Amino acid sequence: MRAGGTRRCFPGLSAVMSRNRIPGDVPLPEPPEALRRGPLREGAFGKALHDPRTAVVVGRWLGPAFAVCFVTGLISHYMQHQPSWLSIPSRPVWGYRVTQGLHVATGIAAIPLLLVKLWVVYPRLYVWPPARSVRHAVERLTVAVLVAAALFELITGLINIVEWYPWPFPFVPVHFWIGWVATGSVVLHIAVQLPVIAAHWRRGPEALPAADGPSRRGLLAGLAASVGVVTLATVGETVAPLAEVSPLAFRRPRVGSQHLPVNRTAAAAGVLPVIHDPEWRLTVLGPQELSLSRGELLAMPQHTVKLPIACVEGWSASATWSGVRVRDLLDRAGAPHDATLRVVSLEKFGAYAVMEMRKEYTRDPLTLLALTVNGETLNEDHGYPARIIAPNRPGVLQTKWVDRMEVLA
Ligand SMILES: Nc1nc2c(c(=O)[nH]1)N[C@H]1C(S)=C(S)[C@@H](COP(=O)(O)O)O[C@H]1N2
Ligand SMILES: [Mo]
């Protein structure tokens, strides 16, 4: 009979946890026969790498990856769904491109990190008894929520990158709220494990020579290499010079019609053939109503800007756009300086058919109603007859096939 339940896969952990043991230090019950004999018996996991030091070292990488992923996810969410109290600047022009690139890159990097972390700690699944105290039960429940939420976020995020939405719920709000659940349980987990983290933060004398498998250093080197490989294999979605070495990049910055990826084609958006109507005119509803044909728009002062499309799904690409400044249109329509603008697409249904932008964007000289891209007339998939392009904006708000602009009071 083992004394006082020291039979733990984490010797260091049980030493720390023993301070929280049930008062009176009651001997713990024997695990059932199956757990004493079978593949889950004591010692079956090897000691070298299923130890708290390894768990802490992997956690030191996973924690920052989660933190960056969460913060950039919040930024992305609030840039897409701007709350009235929040003013978002239109600069730097690459702001959204960088934060969303980081969101996707850290999310992808977190996949091998989380898998290895789970592998390191999985013997703890079989601790006996399953709940030693209320505190222990709560701790395990937190870990269960954490693992479920983290896996959910990483898997749905990954599937989202390949533009596949196989689930019956809306991706954006669910990914957002489960992100909070994951982050909350990470914070709780860190708080609960603080004594263990502190005890194993520095390399300690308990580091065991790995007689029964790879060394910790080997495991960590392998993990670092896999993080490097998955990052390189995908980051070419957004870092154009790396596109050649990114075999798993789902989209590549310069690949697509007019040297630019297409997110939703005109056919998929159901805007054919309306966008080719020769009678098309842009309507601007403001103090003075404007109605401008494409020819009349082309006769206005044209401006050329180099701006990226940065898709929430993780790819981004720079292009050269030219067209009319939105602020010039607003001035001609007699709009007040700080007016909010609503842009309505010829697309009838669809989440991105209507978009609003506030003065930070409408007054930016780089914000255009674009008529050309990379030196050619916009083709139908890039938004013909006219589309919005603005600096530091999520791709979903770069409205294509513009029909109407409304100055809001
Ligand atoms: N009307 C409309 N505009 C839209 C979309 C859409 O589905 N409908 N997709 C948006 C998304 S998600 C992105 S990433 C960009 C992509 O622009 P591109 O296809 O020209 O590269 O357009 C945006 N504009
Ligand atoms: Mo997008």
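Modeller: Asp 403 counts as buried because its relative accessibility is 18%; buried means under 20% relative accessible area, exposed over 50%, and partly exposed in between (1.4 Å probe, protein chains only). This is a predicted model, with local features needing pLDDT of at least 70, side-chain atom pairs counting only at pLDDT 80 or more, and totals for chains, interfaces and linings using all residues. Residues are numbered from 1 along each chain as its sequence is written, chains are lettered from A and ligands numbered from 1 in the order written, and side-chain values use heavy atoms, without hydrogens and water.

Asp 403 sits in strand β10, residues 402-408. Strands (E, at least two residues) and helices (H or I, at least four) are DSSP runs, numbered from the N terminus. Glu 347 is 56 residues from Asp 403 in sequence, yet their C-alpha atoms are 8.6 Å apart.

Now the second largest pocket. A pocket is an open set of points on a 1 Å grid over the protein atoms alone, where a 1.4 Å probe fits, with protein on both sides within 12 Å along at least five of seven lines; lining residues have an atom within 4 Å of a point. The second largest pocket holds about 840 Å³, the space filled by probe spheres set on the points. Its lining has 34 residues, and Lys 117, Val 121, Val 143, Leu 146 and His 189 lie nearest the centre. Two or more lining residues come from each of α3 (52-80), α4, α5 (134-161) and α6 (171-200). Helix α3 gives the largest share, 9 residues. By class, the lining has 24 nonpolar, 5 polar and 5 charged residues; Ala, Val, Leu, Ile, Met, Phe, Trp, Tyr, Cys and Pro count as nonpolar, Asp, Glu, Lys and Arg as charged, and the others, including Gly, as polar.
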